[in-house]
Amino acid sequence: MRSSSLLPAAQYLRMSTEHQRYSMQNQVAAIAAYAQARGFQIVGTYQDPGRSGLTLSGRPGLQRLLADVVAPDRPFEAILVLDVSRWGRFQDADQAAHYEFICRAAGVAVHYCAEPFDNDGALSSMIIKHLKRLMAAEYSRELSSRVVRAQLQQAQLGFKQGGGRAYGVRRVLVDETGKVRLELEDGQRKAMARERVVLVRGPPHEVRTIQRIFHLYVRERRTIGAIAELLNSEAIPSNQGQPWTYWRVRCVLASEFALGNYVFNRASRRLQGRQVQNPPASWVRVRVMPPIVSESLFAAAAARMAAGRPQLFSDGEMLKRLARLYKQHGYLSTALIDACSYTPAAVTYRLRFGSLSGAYDKLGFVRSIRWRATGLKPATDEEMLEILRSLHRRHGKVTSGVIKGDPTSPSVETFQDRFGSLTRAYHQAGIPTRRAPKPRVQVPGAPGGEGERQK
């Protein structure tokens with residue numbers, strides 16, 4: 001029972017990493033003390049443990065809070081959050097202000113419990129709050145720069161910086177003296193900050209397979225697709241027991257692990273922005289193990305792959321080929337584009353036009369190809385997210401199969417195109433999931449023809 005003299009309030013909690021072991025408990029304690037002193041009663045908790053404050057995406061707790069704020073039957077009249085940085089470290093201070101404005105416009109005040117100002121709209125409070133938002137954003141930028149510098153330094157020493165393992169390579173954990181502790185299995189990570197991960201040659205049968213791939217490709221002039229079919233016919237598994245594909249074979253041929261080199265910083269993604277390709281001058285390249293193939297053999301493979309690449313298509317040519325595909329099939333999807341022999345890969349369209357939607361918009365028939373023929377009208381992002389929530393309420397889960405089986409739902413490709421992936425759509429809809437995004441599986445263009453894809 002709620003005391004009529006206390007104002008009902010929701011508390012929002014966030015911590016960015018699992019290393020902040022007691023952060024959530026500390027926030028709860030500080031907010032509870034503030035609530036008791038100011039006459040609030042906590043009636044609901046929204047939390048984002050282990051979530052970055054850089055964006056709203058991936059923060060289902062804050063998304064649900066904002067959705068409940070505008071609901072007519074919300075059970076609270078105020079929001080209590082520890083400080084400005086817990087609300088978010090948005091790189092655009094106006095974004096943080098926008099979400100707070102949504103609350104204020106709905107009649108819900110946001111209180112920062114550990115800040116030295118009252119969020120009462122006074123000029124001095126508004127100035128301090130804006131400075132705090134800028135400081136929170138700057139903290140993330142400085143931290144990102146320090147992390148990148150540390151990663152580059154560690155990579156130059158030959159220590160692996162995150163990510164999975166390549167075929168023919170194993171990750172070994174060493175202590176601060178360089179003494180080997182154990183070989184890491186797939187999915188395992190180091191437990192202590194002073195430990196390091198180094199790369200070593202994998203088992204002999206994987207090394208021999210790499211050498212054979214290069215021999216088949218360079219000496220026998222087999223195509224990449226034919227090599228994948230041969231390895232699969234002999235039941236030789238790829239990483240984690242997976243079958244070989246065109247792109248897995250190509251990755252072996254293109255990876256400098258075959259030369260014993262660890263290459264880091266080919267691409268970077270700062271502050272959850274878009275990934276960018278770095279110039280070769282900024283790459284870190286260090287020899288970490290004996291070479292598996294000779295430099296001449298590796299160079300010959302690289303030359304053959306480069307010779308098979310088509311010239312870059314212009315925007316007009318890419319759209320012309322996409323229109324041809326649509327005319328042929330009557331619809332477009334990621335899988336259809338990747339399987340087509342005369343179009344670039346779907347990822348190329350995303351990179352060139354910002355998204356598949358951007359490419360579709362250029363063709364002028366975006367709605368007809370992004371929606372099923374079920375009489376559905378175009379929906380906003382929020383309407384699409386509500387469809388996912390409705391499916392989750394009815395089925396207790398949401399999968400691609402559930403989406404495909406519902407005649408009132410947009411297609412799986414539509415969700416992927418709108419939000420980047422189903423996982424991101426689930427997160428934005430506030431649907432809990434532990435499933436990591438799957439890597440895109442590319443389909444070779446012409447039979448056995450490497451070089452039919454533009455990357």
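Trainee: Leaving aside neighbours within four places in sequence, what makes contact with cysteine 103?

Mentor: Cysteine 103 is in contact with Leu66, Val69, Ile79, Trp87, Val108 and Val110. Contact is counted when heavy atoms lie within 4.5 Å. Keep in mind that this is a predicted model.

Trainee: Where does cysteine 103 lie, and why is this residue called buried or exposed?

Mentor: Cysteine 103 lies in helix α4, residues 93-105. Its relative accessibility is 0%, and buried means under 20%, so cysteine 103 counts as buried.

Trainee: How far apart are cysteine 103 and glutamate 77, in sequence and in space?

Mentor: They are 26 residues apart along the chain, and 9.7 Å separates their C-alpha atoms.

Trainee: What makes a set of residues a nonpolar core, and which core includes Cys103?

Mentor: The members must be buried residues of the nonpolar kinds, joined through side-chain atoms within 4.5 Å. The largest nonpolar core has 27 residues, and Ile213, Phe214, Tyr217, Trp244, Val249 and Leu253 touch the most other members. The elements giving two or more residues to this core are α6 (204-219), α7 (224-233), α8 (246-254) and α9 (295-307). Helix α6 supplies the largest share, 7 residues. Cys103 belongs to a second, separate core of 21 residues, which also includes Tyr12, Val84 and Tyr99.

Trainee: Which residues does phenylalanine 214 touch, not counting those up to four places away in sequence?

Mentor: Phenylalanine 214 touches Arg219, Val252, Leu253, Ala258, Val293, Leu297, Phe298 and Ala301.

Trainee: In the open sheet of 3 strands, which strands stand at the edges, and why?

Mentor: That sheet has the order β6-β5-β7 with antiparallel pairing. Strands β6 (180-184) and β7 (196-201) each have a single partner strand, so one side of each lacks a neighbour in the sheet, and they stand at the edges. Neighbouring strands here are turned by 35° against each other on average, direction ignored. Strand β5, residues 169-174, runs antiparallel to β6 and is joined to it by 4 bridges. Arginine 171 stands opposite leucine 184 in β6.

Trainee: How do you know that the span of helix α10 agrees with its number of residues?

Mentor: The expected span is 1.5 Å times one less than the number of residues. Helix α10, residues 315-329, has 15 residues and should therefore span 21 Å; its end C-alpha atoms are 21 Å apart, which agrees.

Trainee: Which residues of α10 are buried, and why are they said to line one face?

Mentor: Met318, Leu319, Leu322 and Leu325 are the buried ones. Seen down the axis of α10, they fall within an arc of 120°, so they line one face of the helix. The face turned away from that buried side carries the exposed residues Lys320, Lys327 and Gln328. Just after α10, glycine 330 takes a positive phi of about 85°.

Trainee: What puts the buried residues of helix α12 on the same side?

Mentor: In α12, residues 346-353, the buried residues are Ala346, Thr348, Tyr349 and Phe353. They cover an arc of only 155° around the axis, which puts them on the same side of α12. Glycine 354 follows α12, with a positive phi near 90°.

Trainee: Which phi does arginine 221 have, and why is arginine 221 called buried or exposed?

Mentor: Its phi is positive, about 60°, although arginine 221 is not a glycine. Arginine 221 is found in the loop between α6 and α7. Exposed means over 50%; arginine 221 has 51% relative accessibility and therefore counts as exposed.

Trainee: And alanine 235: where is its place, and why is alanine 235 called buried or exposed?

Mentor: Its place is in the loop between α7 and α8.

Definitions and conventions: Residues numbered from 1 in each chain as written. Predicted model: local features only at pLDDT ≥ 70, side-chain atom pairs only at ≥ 80, totals over all residues. Heavy atoms only, no water. Buried < 20%, exposed > 50% of the residue type's maximum accessible area, 1.4 Å probe, protein only. Arc of directions from axis to C-beta. Pairing = 2+ DSSP bridges. Axes fitted to C-alpha atoms, helices over the stretch in contact; angles between N-to-C directions.
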